[in-house]
Each structure stands twice: as C-alpha cells, then as structure tokens.
Amino acid sequence: MIFYQFMEATGAEIVVRCLAEEGVEFVFGYPGGAVLNIYDEIFKQNKFKHVLVRHEQAAVHAADAYARSTGRVGVALVTSGPGVTNAVTGIATAYMDSIPIVVVTGQVPTPAIGLDAFQEVDTVGITRPCVKHNFLVKDVKDLAATMKKAFIIAATGRPGPVVVDVPKDVTYHTTDFEYPATVEMRSYSPVVKGHSGQMKRAVQMLLEAKRPMIYAGGGVVLGDASEQLAELTRLLGFPVTNTLMGLGGYPATDRQNLGMLGMHGTYEANMAMQHSDVLLAVGARFDDRVIGNPAHFAREQRRIIHIDVDPSSISKRVKVDVPIVGDVKNVLTDMLALLKQAKEKPDAAALNAWWTQIELWRSKNCLKYNRSSPIIKPQYVVEKLWEVTKGDAFVTSDVGQHQMWAAQYYKFDKPRRWINSGGLGTMGVGLPYAMGVQLAFPDAQVACITGESSIQMNIQELSTCKQYRIPVKVITLNNRYMGMVRQWQEFFYGSRYAESYMESLPDFVKLAESYGHVGMRIDKPEDVEAALKEAFSPALRERMVFMDFQTDQTENVFPMVEGGKGLSEMILAEEL
Amino acid sequence: MSRRHIISLLMENEAGALSRVAGLFSARAYNIESLTVAPTEDATLSRMTIVTVGSEDIIEQITKQLNKLVDVIKVMDLTEGSHIERELMLVKLRAVGADREEIKRTADIFRGNIIDVTESTYTIELTGAGSKLDAFLEAIDSASIIETVRTGASGIGRGERSLKV
C-alpha cells in the first residue's frame, strides 16, 4: 500500500487503517457520539468486519474470546462515558487471564476533557488498574505510533488488554499517515529466553526427582507451548496436571494427565501436588484457587522450578527454588535439548513407586456421580456433550457450578478449545465468548455451557447471534439456583439460601424462538443424548440452538477444597 | 522482618506516570511512606524516589511490579547498597523572647538556615536524612511548631553506583 503512505488522513481514518494494517478480522463494538467519525470510516472500508453487539461488555468479551481461541489480538471499539464503563468488566476479565486485546475508546474532545462534558469519564484513570497499559492520544500525530505500541504491548511478554483512548477532535484532525512496522520502547522489553544456568539446574533437579509433578497453567496455552510440554512430559514419564486456565495444554485423555487441580481439582492431582518432591510449574501462578492455603502447601518439603514470562508471578504466593523467567515455549524447547543431552535418566524405580501411589489415588474415582438418577445430572450432560462433539468442540462457559463441571467432564485434548473466565470469574461471559469463537471458526462446533443465572447476564446477545447468524449451541444447566452460591450456603451457611434462588425465570424456549433461534427444553436423562445429537446435527448446523436442561437442584461440585484449607484436605462426594 | 527501603526509579515523563505508580501501591496494599518525583536533566525522564516499609518478600514484589509497569525504565532498591539520602524540611516556629536565641542555636547545631524572619516567627530550612529532620523536631519544643513541610526523601547511590538509562 505504498500509495497510502505519506497521505494526509484524519484520525478516524488512521484508526481504521491501523486496524487493517494489523490484519484485524473483526472489530466488536457499539457506536456512540465520540466514535462517530471512526464509525463513518468503518462504513467506507471492507478490510475488516464490524460486529455490532447489544452491550459494550459483550463487545470486549467477544474480542477476548477471539483472542483466546485464535492466539491473535482481539479488538473492541466503544464510545466514551458509559461505553467505557460498560466495557470495564470485559477489560478486567481479559486482564486477569492475560488475554491480548486492544480496546479503542472514544473520548470527549480534548478541550472538553476535565469539564464534566456529556458522556465523559476519565477512561485512562478508570481502566488503569485493569489494563496492561493504556494511552490517551491527545495529538493526531501520535495516533499511528500509539496504535502500533498498543498491539505490540498487548501481544508480547505476558499478554494483556491495552486501551487507546481517542478524543473526538483527534478523530477529525489530520496528519500524514504512515503505519510504522515497529516501534521501539526503551521502557518495554519482555524477557524471551530463559537463563541457561537456571535451566541446567532445573533439568538436574527434574532428573533427581523421586516424586515429580508437572503443574501447567494458562501460560502454556497462551504461549503456544503445548507440543513442547507434551514432549517434555512424555520424555520424563512424569505426571502432569492442568489448571483451569491450562486445560487442553496437555491432552486430558492421556494417562499421564491427572486432570485439573485446585479447589475443584481431582483427588489424584491435588494429592500428587501436595506430596511431590520436585514440582515443575509452567506458566502458572500458584493462585488461591489452585494451591489453597500456602502455609499448608509448604508443610511438605519440595523443590520448585517455576517457568513464567512474568517475573512478578514468581515467588509471589509460594517461594520457588529455581525461577526461570522467559517465554514458556522457548524455555521448554531449551530444557528439552538439555534433557536429551543429559547422561542421566529419570529414576525408574522411584517413578514406578510414585505412579503406583498415584494410581491408588486415582482409583478413588473422585468424579463419580449418580448415573441412575431420574433427574438430569449436570455432569451427565457435559459427558454426553463430549461424546456427541467427539471431544473436538470449542467450549465456552460462564461462571459457577456448570463451569467446574465443564472443566471436569469435558476432556480437552487441544489447547485454545476451553474458553472461560478463570481469574475474574465473570458471570455472563459465556454467550459473547461463544460468539467471538464462532466468528473466528465459522465451521467449528461451538458450545456455551452455562447456567440459568449466568446466561441472563448477557442474554441480550441472542440478538447479535440473530443478526450475524452465529450458530452457537447454548447448553443451559438449569437448576433454578445460583448453583455455586447455593453450594457454599449449604456447606458453610447452614443451608440458608439467601437470594440464591432464581425465581421468575423466562421460558427460555420461547425466548430463543422470539429471536428466531431454536429452543429446546430437556427434562429427562433419557432425552439428553438425542437432544444434543439433534442440536449438533447437520440440519441445525446454521442455527443457533438454546438448550434448557432441567437439572438436579441439589447437585454439588466435588471434590472441593474449602477456602483457606490445604490442597489435600478435600471434601469428596461420598463423605457427605 | 519489615524494613525501610528506598526505591529509585526512572520512568517516561508522561501524563499519568505518577498515578500509575501511586495506583500500583494502593491497589496492592503496599506501604508508601513518601514519594518524590521530578524530571531529570533529560526532560523525557522522570526520577522517582519511593520510601516504603516491608518484608523482603514484599519488597521483591514491589520492585517486580514496578518493573512491570510499561512506562518504567529502571528500578533500583538503594537500600541494597551504599547510598545517600536527603530530605528537605521547612519549619515555621513561634519565636519570641528568649526562645529566639534558643531556636537559632538549635538550628545552627543541625546546620539549618533561617530563611524567613518576622517579629514572632522563624522559618527554618533543614536538609538531611529523614532521621536528622526527626531529631530536629524532637529537639524543638513542640508547642512552638506552627507548621512543617517535608519533601520526602530523595536518594542516590554512592560512588559509581548509578541509575541511568
């Protein structure tokens, strides 16, 4: 596009051209006064598609899911004031899970900033604690370089959301436009390669391990390091566990995988974590939902190797012995090379004994549930979904019990297939997440596992699905309760179910139908499989299907580690 | 064990730079005893000195989190090595009768300068480590203090130890 270079352009044109230069496919957004010039330029172009959502929060979630599923930077565009405040939940959600998105926000004209103008908020101030970085562009001359910086910062190092706030006058001011190929930032240079001495120490430690454990988090997925992780794990013959964010980072159906760990992790994964003598943490951050009480975790002696691109994630909650700062993929690749050169092999006898112990833990079969119930068990729906979709669907979820059941019973063998809000725990992400994924992968099977409470937090997006014919399948595990709240109230609040009951639910079938979608209500366990098969059948391929499964109101998520308790202090299903 | 640390940093001299640092400290519940900031000889750079109190683990997190801020170029914990710390204090004191001579003598002992005089007041300028300024205030009759203004500590490494881009 040499022709374009050095041509005068308005700020609005520059925004649109920068997005085109970045190869952006979709911009999720909602127009408003401050961004009208930008929308006018969007109208005139055909490089990317704009997807009109029904609420700005959903725009950011959809962009976030596009990023999670493709590995590319997602883009959202919202107007000033309420457009921004609505977007904040989406931005914070992406921030907590380190998702690369760029959010362009409109702002009141620069002379009006600070005068409490109509639809003015301090966007940079409001978003500062929940972005990787943000910019207020006061001069159109800085706009192109700022857009470039935003994309670089969002995607590199530990990824995260970047907000670019563009006042309205900047969108009609003009300047010479040239999109820089790159921008140097003296204050920003993420570490990429691991320290060779530390990696040697780490490999030595792994080879000396008697009871090793590999603990792999979202960094493996975000860093596209699944292959390297699988190769390392298989070469060593070690057990591996994935965090909620790391699911799919190592194939769930592989024997070496002990399943998810943490508050609702498997018995074998949590026990192996607690009793390991050498722990390799890869792109994970030892958070409170994963290791429980750090003091309890520290009771057993173990040496810890921690690979992470973000130095501040290392030794934050748990002291580690060998910190390795670097891109997970690079570090694992280098460690694999060292491992292959090493003369020593893992201690086969010790490893055998360790696996015998792990199999004993595994034989507890901690995910068993009542399969002969006359009421639909939510776990059964997820298991059947896994079968019907042959384990190959993209699955988004909302937040609560259904999220945990999805994580426990849908066995993800590939990375970037499981899309959920792990860090912030944002109810309402499921449907916009499914939209973002389906638009990125129009031919893929996309299921949104949700609950009747969560789905109502962004249910307006049924309209967006109608407009763009987005054929996602919504699987509502409807127990007429805010299930996870109800579970905690049952366990810890004497079964006083304060405000956790969902009264006055809509008829979801009619609701879906009113938007032109297919609605289904499933009441009996024997109808579950047939309904799912129908929803995913070629006949309904092009249709959005809303499935309302009437599930057991009293079902709880097990195993469970109570807040503040140790990882090995699990409540199992049969103990109640 | 909690200890007082002086952290120096260089960051891009841009609008909102200070609020990024201040926001980080409040969001993560870190202590902040004092914070001073001003541009350096290179106007594109701001130099900040932060005095904070925390255990080794907390201070490690603070320096890591500061380094993570995109606008921050370099961070140094001055307390890790030999360093100099100075703070400027202006004190306005009630100075009448016999007190006038007494206050002047005390100011001299602390190498303070009287920079404003009226019939009933002295304003004293005093520079030194925070502990010296504290000591001066201890030495003065608290009833005579009308007003104190302190800048917070500025720090610099000794000898070749320096914080530069």
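Guide: Helices (H or I, at least four residues) and strands (E, at least two) are DSSP runs, numbered from the N terminus. This model is predicted: local features need pLDDT of at least 70, side-chain atom pairs count only at pLDDT 80 or more, totals for chains, interfaces and linings use all residues, and side-chain values use heavy atoms, leaving out hydrogens and water. Residues are numbered from 1 along each chain as its sequence is written, with chains lettered from A and ligands numbered from 1 in written order.

Visitor: Which strand holds L90(B)?
Guide: Look at chain B, residues 83-94. L90(B) sits in that stretch, which is strand β5.

Visitor: Is L90(B) buried or partly exposed?
Guide: Buried means under 20% relative accessible area, exposed over 50%, and partly exposed in between (1.4 Å probe, protein chains only). L90(B) has 32%, so L90(B) is partly exposed.

Visitor: How many residues apart are K92(B) and E147(B)?
Guide: These two form a salt bridge (a side-chain nitrogen of Lys or Arg within 4 Å of a carboxyl oxygen of Asp or Glu), with the closest N and O atoms 3.9 Å apart. The pair links distant parts of the chain, K92(B) in strand β5 and E147(B) in strand β8 (residues 145-150) of chain B, and the gap is 55 residues.

Visitor: What is the N to O distance between R20(B) and D71(B)?
Guide: Both residues are buried. Their side chains meet in a salt bridge, and the N to O distance is 3.3 Å.

Visitor: And K44(A), what's its salt-bridge partner?
Guide: K44(A) is exposed, at 55% relative accessible area. The closest N and O atoms of the bridge are 3.6 Å apart, and the partner is D40(A).

Visitor: How many salt bridges does the structure hold?
Guide: Some share partners, joining K319(A), D57(B), E60(B) and K64(B) into one network. Over all chains, the number of salt bridges is 44.
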